[in-house]
Amino acid sequence: MSLTGSVFLDSGYQVCVKKTYLNHTFISGNKLSKLKYNILEAKNLKKTTLVTFGGAYSNHIAAVAVAGKENGFKTIGVIRGEELHSKINENPTLLFSQESGMQFKFITREEYRNKTTDCFLENLKKEFGDFYLIPEGGTNILAVKGCEEILEKEDEVYDYICCPVGTGGTISGIINASFAHQKILGFPALKGDFLQEEISKFTTKTNWELITDYHFGGYAKVNAELIDFINQFKKQNNIPLDPVYTGKMLFGIRDLISKGFFPKGSKILIIHTGGLQGIPGMNTVLKKKNLPLIQ
Ligand SMILES: Cc1ncc(COP(=O)(O)O)c(C=O)c1O
């Protein structure tokens with residue numbers, strides 16, 4: 001069954017969404033692709049524990065917790081923010097991950113910045129024994145290999161492929177798998193221009209561009225206009241969007257269409273990468289800020 005369906009964006013353009021969030025109940029969207037070959041590698045290496053890193057509402061943390069459980073691994077989540085230690089019950093992502101068997105190690109923001117140093121990793125080994133390390137956001141060469149499978153032969157008909165960007169692994173796979181006539185547009189969820197370099201580590205192709213105007217002030221920053229758009233889009237298209245990645249990307253695509261960015265008649269494919277598990281967590285934040293909630 002094809003996961004791709006057309007959607008209506010209010011300018012009258014017809015575009016299609018590949019709903020990869022329907023591929024697994026919990027390891028949804030790009031997570032299944034990013035973890036596939038890493039899990040296989042961990043099994044090949046006979047590892048029994050997976051260690052990874054993430055923030056308070058990380059989609060990646062939740063996905064690793066479930067992937068570990070389904071594949072018989074012990075999972076350790078190294079979490080940014082010592083203060084979260086006493087707030088697991090208030091955080092839907094952490095609670096879910098814990099219920100899926102993940103054990104946490106909460107560290108300060110400063111320690112988190114040093115999490116890939118030999119010294120930090122050695123200490124983790126002393127604490128948890130030998131493990132297979134999955135980087136923050138899950139991006140490595142094996143994740144990129146998995147994401148090369150997101151595009152299918154039937155997707156050759158599209159001129160533009162749009163994809164949200166965090167650490168750059170997902171778009172790198174999509175670029176590698178793209179057809180020569182296609183242009184890949186990445187919508188970063190974070191500020192900063194380090195991504196250009198990151199993506200270039202995983203691909204030699206040049207048919208891609210980062211659209212950097214739709215991060216809404218930075219990672220996980222939102223405003224009432226974005227939330228309103230997400231709610232409207234779901235009502236019109238019956239497709240839920242997350243507020244960190246896919247919501248911002250779709251908002252950006254609608255804006256670009258209205259500004260005439262895409263030549264008339266272009267066929268546009270949007271990769272919906274999931275992230276829906278983050279909605280309850282974001283709603284707790286929105287409630288505190290007296291902003292509208294995601295429906
Ligand atoms: C829902 C969702 N979409 C997109 C991304 C961005 O993927 P990447 O980090 O591979 O750029 C992420 C983060 O992994 C994510 O959770």
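**Figure 1. Thr246 in helix α10 of the predicted model.** Thr246 belongs to helix α10, which covers residues 246-258, and the model in which it is viewed here, as in the legends that follow, is a predicted one. With a relative accessibility of 0%, Thr246 counts as buried. When residues up to four places away in sequence are not counted, Thr246 touches Pro164, Leu241, His272, Thr273 and Gly274.

**Figure 2. Thr273 in the loop between β10 and α11.** Thr273 sits in the loop that runs between β10 (268-272) and α11 (279-288). Its relative accessible area is 7%, and Thr273 is therefore buried, since the cut-off for that class is under 20%. Apart from neighbours within four places in sequence, Thr273 is in contact with Thr20, Ser28, Gly29, Asn30, Pro164, Thr170 and Thr246.

**Figure 3. Gly281 in helix α11.** Gly281 is found in helix α11, where a relative accessible area of 0% makes this glycine buried. If neighbours within four places in sequence are left aside, Gly281 is in contact with Tyr57 and Pro92. As a reference distance for this view, Gly281 and Glu82 are 199 residues apart along the chain, and their C-alpha atoms are separated by 18 Å.

**Figure 4. Domain 1 and domain 2 of the protein chain.** The domain assignment of the protein chain gives domain 1 as 6-25 + 140-288 and domain 2 as 30-138. Taken over C-alpha atoms, the centres of domain 1 and domain 2 are separated by 25 Å. At the interface, 22 residues of domain 1 are in contact with 21 residues of domain 2. The area buried between domain 1 and domain 2 is about 1800 Å², and carbon and sulfur atoms give 53% of this area.

**Figure 5. The second largest pocket and its lining.** The second largest pocket has a volume of about 250 Å³ and is lined by 13 residues, of which Thr20, Asn23, Ser33, Glu149 and Ile150 lie nearest its centre. Because domain 1 (6-25 + 140-288) and domain 2 (30-138) both give residues to its lining, the second largest pocket lies between them. Helix α1 (residues 30-44) supplies the largest share of this lining, namely three residues. By residue class, the lining of the second largest pocket divides into four nonpolar, five polar and four charged residues.

**Figure 6. Leu32 in helix α1.** Leu32 lies in helix α1 and, at 30% relative accessibility, counts as partly exposed. Not counting residues up to four places away in sequence, Leu32 touches Asn23, His24 and Ile27; Asn23 is also one of the residues that lie nearest the centre of the second largest pocket. From C-alpha to C-alpha, Leu32 and Lys191 are 26 Å apart in space, while 159 residues apart in sequence.

Figure 7. Although Ala220 is not a glycine, its phi is positive, at about 65 degrees. Ala220 has its place in the loop between β9 (208-210) and α9 (224-237), and with a relative accessible area of 31% Ala220 is partly exposed. Asn238, likewise not a glycine, has a positive phi of about 55 degrees. Asn238 lies in the loop between α9 and α10, where, at 65% relative accessibility, Asn238 counts as exposed.

Key. Residues are numbered from 1 along each chain as its sequence is written. This is a predicted model: local features need pLDDT of at least 70, side-chain atom pairs count only at pLDDT 80 or more; totals for chains, interfaces and linings use all residues. Side-chain values use heavy atoms; hydrogens and water are left out. On a 1 Å grid over the protein atoms alone, a cavity is a set of points where a 1.4 Å probe fits but cannot get out, and a pocket is an open set with protein on both sides within 12 Å along at least five of seven lines; lining residues have an atom within 4 Å of a point. Grid points are joined across faces, edges and corners, and a volume is the space filled by probe spheres set on the points. Helices (H or I, at least four residues) and strands (E, at least two) are DSSP runs, numbered from the N terminus. Ala, Val, Leu, Ile, Met, Phe, Trp, Tyr, Cys and Pro count as nonpolar, Asp, Glu, Lys and Arg as charged, and the others, Gly among them, as polar. Domain bounds come from an automatic or database domain assignment. Buried means under 20% relative accessible area, exposed over 50%, partly exposed in between (1.4 Å probe, protein chains only). Contact means heavy atoms within 4.5 Å. Buried area is the accessible area (1.4 Å probe) that two parts lose on being put together, summed over both.
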